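Hello,

Here is the structure I promised to pass on. Could you take a look at it alongside the notes below?

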Amino acid sequence: MANRRRFLQLSASLAASPLMADAGTMPTLPASTKSPQALAQDEAHWAAVRALYPVQDDIINLEHGYWGKMSTPVEQALARHTHRVNQELSWYARRDYGRDFMTARAAAAEALGVKTHELMLTRNATESFVNLITQYDGLAPGDAILWADADYPEFKRMMAWLARRRGVEGHMLALPASGTDDDYLAAYRQAFDAHPNLKLILLTHVSNQHGLVLPVRQIAAIARQRGIHVICDCAQSWGLLDFKRDDLDVDWAVFNLHKWIGSPVGVGALYMREGTMGAVSPFPGEDPGDDDVANRVHLATSDFASFLTVPDALAFHQAIGGANKAARLKYLRETWVSQVRASPKVEILGPSGPHNASGMGGFRLRGQTTKAQADALQARLQQDFGIFTVVRNDLASGACIRVTPQTFTPIGHLHALAEAIDTVARAT
C-alpha cells in the first residue's frame, strides 16, 4: 500500500510538472480486489496500464526482451533527474549524489529482500557477471566449470573464456528442448555426476532464448551440497517473475532493472550473500574486505540520472504489483501458445507446461532449426503481418523465434500472432 500511495503521489506530482505539456491527462490505475490470475484477464485494467506508457502504433512489437519501455511517469522522473544533474553538475555529484545513490541502492535491496550491503547497483547484468568471473578465486588446475545451451550467449562465451584463461575444464550442458522441473533437475544431476570436479556453474533463472523458468532453488541446493559455487543469471527474470532472493536461495546473482522493472537503460545489480564474498576478490585497487559487495564493483562516471530513477521505477512496478504483472505476462504467452500448440507443424520450445513458463516464449516451424530458416520466418511475420519478433540462435536444438509481450500489450496482438503463425504453418 505504501508503494501504491507513492505511485499515486508520483502521478499527481508529474501532472503539475512542466516537463510534459499533456501530463495533466495522466490516468491512474483502477483499484482491484481480484487475484493476480483473475486480474490477468481483465482487459479494462490492462488498457488502463497501457495508457500509462507511450504507445507504439506502427508495428505489433512482440520483442520487449531487449530492454523494457519506461512508463510515462518513470520517463518524466528521468527527465527531472537529468535536468538536475545537468544543472548542478559536480556541485551536486560531489555533495549529495552519494546519499541519493545509496537511497536507490537500498530501494533495490529492499525490493529483492536482501541487505543493502549485499546488493550493488551496476550498469547491467553483464557488468555484474564480468566482475564475478574475472575476480573469482576458486579455480585451480583440474577443476571444471559448467554452463548450459539455454544461457545468455555472451555469458556462455565468457564462461568458455574463463575455462581457457584459468586452464580448467569447461563444459556446456544441452538442456532438453522442452521439459518439466524433473527433466531439468535430472539433467543437472547427471552433469554434476559426470563432472565431480565442478567448482562453478552458471544457472539461468529465465532463459533469454525461450522464457524457460528453471527450478533454481532445487538445482542450487544440489550444487551447494557438492561444494559448487553458483552464479544465477536473473537478467531476464526480475519483474518478469515475482520473486525475492529467498525464493532462489543462491549466493550470487546478477540482475537488470532496465528490462522488466522498467528503469532507464543502464541499470543492473550484483548480489552477493553476506559471508560468501571472500571467494571473489575486490575490484582491482579497491580496499580489501568482505563487508560490502560495493568493493567488487567500480562504476566510475556513470549515468547519474538513471540510477536516481531506480526508486521511481520500483514504485511504479510495485504499484502495478509484481504478482499481477507476472500473471498478466504469463497469460499473454498462454494466449498465443494455446492457439498454436496443437498444430503438428509448430514446435513450442522451453516449458512444456505452465509451471516452467514465463511471459516470454519461443517457437519454430517443426523441422526448421537453422538460423536462415528462423530469419526467413521472422522476416515474413514482420513484412506480411506487421509483427516484430526476434531470432534466437543459441540452443543446442537449433534456432527459434522469441516472442515477448509486455504488460501494456493488447490481447489482440497475441491473437494476431497466433493467426499469423497458423497461416504460415498451413502454407508450409
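**Helix α15 and the rest**

In helix α15, the buried residues (under 20% relative accessible area, where over 50% is exposed and in between is partly exposed, with a 1.4 Å probe and protein chains only) are Ile411, His413, Leu414, Leu417, Ala418, Ala420, Ile421, Val424 and Ala425. This is a predicted model, in which local features need pLDDT of at least 70 and side-chain atom pairs count only at pLDDT 80 or more, while totals for chains, interfaces and linings use all residues. Residues are numbered from 1 along each chain as its sequence is written, and side-chain values use heavy atoms, with hydrogens and water left out.

Helix α15 covers residues 411–427, 17 residues in total, and spans 25 Å from first C-alpha to last, close to the expected 24 Å (1.5 Å times one less than the number of residues). Helices here are DSSP runs of H or I with at least four residues, strands are runs of E with at least two, and both are numbered from the N terminus.

Now to the cores. A nonpolar core is a set of buried Ala, Val, Leu, Ile, Met, Phe, Trp, Tyr and Cys residues joined through side-chain atoms within 4.5 Å. The largest one has 109 residues, and Tyr188, Phe192 and Trp238 touch the most other members. Helix α5 (residues 97–112) supplies the largest share, 7 residues. Domain 1 (82–317) and domain 2 (324–427) both contribute, so this core lies between them; the domain bounds come from an automatic or database assignment. Apart from this core there is another, of 26 residues, including Leu332, Ile387, Val424 and Ala425.

There is also an open sheet of 5 strands, ordered β5-β10-β11-β14-β13, with mixed pairing. At its edges stand β5 (178–179) and β13 (390–395), each with a single partner strand, so one side of each has no neighbour in the sheet. Strands β10 (residues 346–351) and β11 (residues 361–365) pair antiparallel over 4 bridges; pairing requires that DSSP finds at least two bridges between two strands. Glu347 stands opposite Arg364 in β11.

Arg217 sits in helix α9 (residues 216–225) and is partly exposed, at 40% relative accessible area. Beyond its neighbours within four places in sequence, Arg217 is in contact (heavy atoms within 4.5 Å) with Asp246, Asp247, Leu248 and Asp249.

Best wishes
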